[in-house]
Amino acid sequence: MTPFPRLFSPVRLGAREARNRIVSTPHGAALGEKGGVTDRYVRYHEEKARGGAGVVMMFGSSSIHPTSINDWGEVSNWSDDVIPQLQRMSEAIHRHGALCLSQISHRGRRGHSWYSGAALWAPSDTREERHREWPHVMTVREIREVVDAWAAAAVRLRKGGFDGCDIPFYGGHLLENFLSPLSNRRTDEYGGSLDNRLRLAREVLVAVREAVGPDFIVGVRHSGDHFVEGGLSREELLEVARRIDALGIADYWMVSGSNTETLRYEAMVTPSLYHPRGLYNDLAALTRGVVRVPVIVAGRIVTPAEAEAALAAGVCDLVGMTRALIADPEMPRKAMVGRVGDIRVCVGASEGCIGRLRQGKAITCVQNPVIGREAELGEIRPAARPKRVVVVGGGVAGLEAARVAALRGHAVILLEATAACGGQVLAAARAPKRQEYALIAGWLLDQGTKAGVEVRLGARATAADVLALRPEAVVVATGATPRLPDIPGIGLPHVATTLDVLLGKVAPGRRAVVVDEDGHFAAPTTADLLAGQGVEVTLVSRYFMVGEDIDEGLRADLYARLYGQGVRLQPLTAALEVVPGGVRTRHTFSGIEALLDADTVVFAFGGKADDALHHELDGRVPELSLVGDAYAPRRIHDAILDGTRVGRAL
C-alpha cells in the first residue's frame, strides 16, 4: 500500500502505459558535447528512471534543424548519426521500467546566431527582450523544410528506441512564434487569423504522426496563459487546445504558463521560489476541461503530497516534477514506500539547474552535488576501515561531510558552536520568499542524525577540545566571517553587514544604503528585507548591474520585487568612504563622486575564511581536511560539494 495511490497508479499515453504519474519533463542539461549524447547525459537521466519516475523526458529544445542550436551542450537531432546515441539513452531508461521521450523543437528567434553562424528563423521581423536578435523572416519553402525536419527528427527518436516525442507550443519556440500575434505579423496563409497562425502547428503534428505511426507517443506542451500584454490569453489558448485536440493526433497535453516575450515574464516560464508552488494548476485544470487526452501539469509541484493533491482535485492526469527529481532522483521510490521524510525537497533556488543553464553552464543542483557528477559521486561506498571522525562546524559543508562519513561506517561527532546547525544558509533563509533555503540544512542534519552522526550544539571547539576526542580524522568546516572593505569610516556605528541585517542583529534607520560588492544574492535580498520593513533603500554596486552574478531569471524576479517596493538601484557606483549620516561614492568610469544619505550602511563584501583551527591542528591529527567557506568563501553548492568529496575520501 502506498500513501499516494493516485500518483502511483498506471496511466496510458497513447499506445504506451506509464507505471506511475511522475514525469521528468523535457529540459536542457548542457551535458552533451558538440550536439551529441554523452555518457554523462545518459547517467543523468538514467538516475531518474532508476529512482522510480514513470516518464523520463529529455533534451529540452533538442534541435530538428541546423538553424536552431540551443547551446554547445545540447542535442542536435538532424542527422542519423545521433541514432546510436539515442539507442544508448533509451536502453538505459527502459532498463529501469520508465517511458523514454524527447522534446524535438525549433527555437525560432529564441537564441543567438553565434552558435550556428546562421541567422535565426522566425515568422516575422520581431524579436524578444532577452535575446534581442533580429531574425530572418521565413519563406514558405523554409516553413515546409522545418515541417519535414520535425518528422525526420521524430523518426530518429523512434529508431533510437524512444517511446515518443514532445512538441512545444510554448517557451518562445518557433511554433509559439507562429501562434502569438506579438511575434507573427505575417499576411500570408501562416499569419493573421488564429486558424492561419495555427497552420504550421497542425502541419507539424500531421507530418510527425504520418512519419511515426499510431503507436508512438506524440505530445504537445503549451502555456495556459501568456500573461504579457498583446500575447495570447488563457481563453485564446484554450481555443488552441480545442482545435489541436480535434485533430486526434496529440496523445497528451502538458501545461505550464507565461511567455518569453519580456524579461519579467520569461522568469515565470521556469518559476523559482519567488513564485508559489503549484502556480499553474488552474491553467492545467482549464486545459483538461477541453481536451480528451491526459494532461500533465508543470509548475513547482515538488512533493508527492502536492502531486497527489493535484491529481485528486482533477487538475491533471500526470505531474511534471522535474526539479523535484533533480533535487532527489530517488523521490518516487522513497514516496512509494512511505519514506517521505527522507526526500530531499527542491527549494526552487534555481541556482544549480535553470540558473546555470541560463549562464551557459552544465546543470547540477544547489543542494545535491551528485547531479551531473553521477560517475564520480553516484555511489557511496563503505569505508575500508571505520574511523573516529570529528567534524568542526555545522554549516552545510560540515553537515554533508558528516552525513556521508557516517553512511560509510565512520563514527562521527559534529561540533557546532551555535545553537543550530545550518550556518549562513539559515541567514539566507531569513530574506523574503527564501524561507525554503532552510530545508537544505534541515535535510542534511536529519539525514546525518539518522546515519548516526552525534551532533553537539553550543560546542565552540578549540584545538585542545578536538584533540581531547582522540580523532583519527578531522574535518574543519568552520565557515567564514563577514568581510568588510578597507575604506575610511568602516568602523562607524551605522555600518553593518548583510549577515547582521538578515539575522536581526541591527536595527536599521529610516534610510539605508546597501553596497553590493559580492555580485550575488546577499545585497539584493537584504535590500528586499529592508524595503519590506519600510526602510528607504538605495542599492549600489560598482559592477555593471546589481546582482551581476545572478542568472537572468532570478535577477528578473528580484528586480521586480525591489522596484515594486521603491528600492533605488544604482550600478557602476563604488563605496569610497563611510561618513556620519551617509556614504561617499565614486562612479566606476567617470570618477564623479557623490554623497548618499544613510542612517545605515550595509555591506555585502563576501566572506573571509575562518581557517585558524585548521592551522592549529595541522600535523597534530592523523588526517585533516578543510572544506566549504573555511577553505575559500564560495556558494552553497560549492560548500556541499566540498563536504561530500571529503566525506567519501575519509
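This is a predicted model: local features need pLDDT of at least 70, side-chain atom pairs count only at pLDDT 80 or more; totals for chains, interfaces and linings use all residues.
Q: Start with the open sheet of five strands. What's the strand order?
A: The order is S18-S25-S19-S20-S21. Pairing is parallel.

Q: Which strands stand at the edges?
A: Strand S18 (495–497) and strand S21 (568–570). Each has a single partner strand, so one side of each lacks a neighbour in the sheet.

Q: And how much are neighbouring strands turned against each other?
A: By 20 degrees on average, direction ignored.

Q: How many bridges join S18 to S25?
A: Three, and the two strands run parallel. S25 covers residues 600–604.

Q: What's the bridge partner of threonine 497 there?
A: Phenylalanine 603, in S25.

Q: Switching to S8. How many of its residues are buried?
A: Five of the five, residues 164–168. That is why S8 counts as largely enclosed by the rest of the structure.

Q: Which residues point which way?
A: Gly164, Asp166 and Pro168 point one way from S8. Cys165 and Ile167 point the other way.

Q: Which strand pairs with S8 over three bridges?
A: Strand S5 (residues 99–103), in the parallel sense. Within that region, serine 102 has cysteine 165 of S8 as its bridge partner.

Q: What about S9, how many bridges to S8?
A: Five, again with the strands running parallel. S9 spans residues 217–223. Aspartate 166 is bridged to glycine 219 in S9.

Q: New topic. How many aromatic pairs does the structure hold?
A: Seven. One of them is tyrosine 41 with phenylalanine 59. The ring centres are 5.1 Å apart and the planes are at 80 degrees, so the pair is edge-to-face.

Q: Where do those two sit in the chain?
A: Tyrosine 41 is in helix H1 (residues 39–50). Phenylalanine 59 is in the loop between strand S4 (55–58) and helix H2 (83–94). They are 18 residues apart.

Q: Buried or exposed?
A: Tyrosine 41 and phenylalanine 59 are both buried. With Phe162, they form one aromatic cluster.

Q: What about phenylalanine 178 and tyrosine 190, what are the distance and angle?
A: 6.3 Å centre to centre, with 75 degrees between the planes. That pair is edge-to-face. Phenylalanine 178 is in helix H4 (residues 174–179), and tyrosine 190 is in the loop between H4 and helix H5 (194–197). Both residues are buried.

Q: Last one: which ring does the charged end of lysine 48 sit over?
A: The ring of tyrosine 44, at 3.3 Å from its centre. Elsewhere, arginine 434 lies over the face of phenylalanine 521, 4.2 Å from the ring centre.

Definitions and conventions:
Residues are numbered from 1 along each chain as its sequence is written. Side-chain values use heavy atoms; hydrogens and water are left out. Two strands pair if DSSP finds at least two bridges between them. Helices (H or I, at least four residues) and strands (E, at least two) are DSSP runs, numbered from the N terminus. Axes are lines fitted to C-alpha atoms, for helices over the stretch in contact, and angles run from 0 to 180 degrees between N-to-C directions. Buried means under 20% relative accessible area, exposed over 50%, partly exposed in between (1.4 Å probe, protein chains only). Rings of Phe, Tyr and Trp (its six-membered ring) pair if their centres lie within 6.5 Å; planes under 30 degrees apart count as stacked, over 60 as edge-to-face and the rest as tilted. A charge sits over a ring if NZ of Lys or CZ of Arg is within 6 Å of the ring centre and within 35 degrees of the ring normal.
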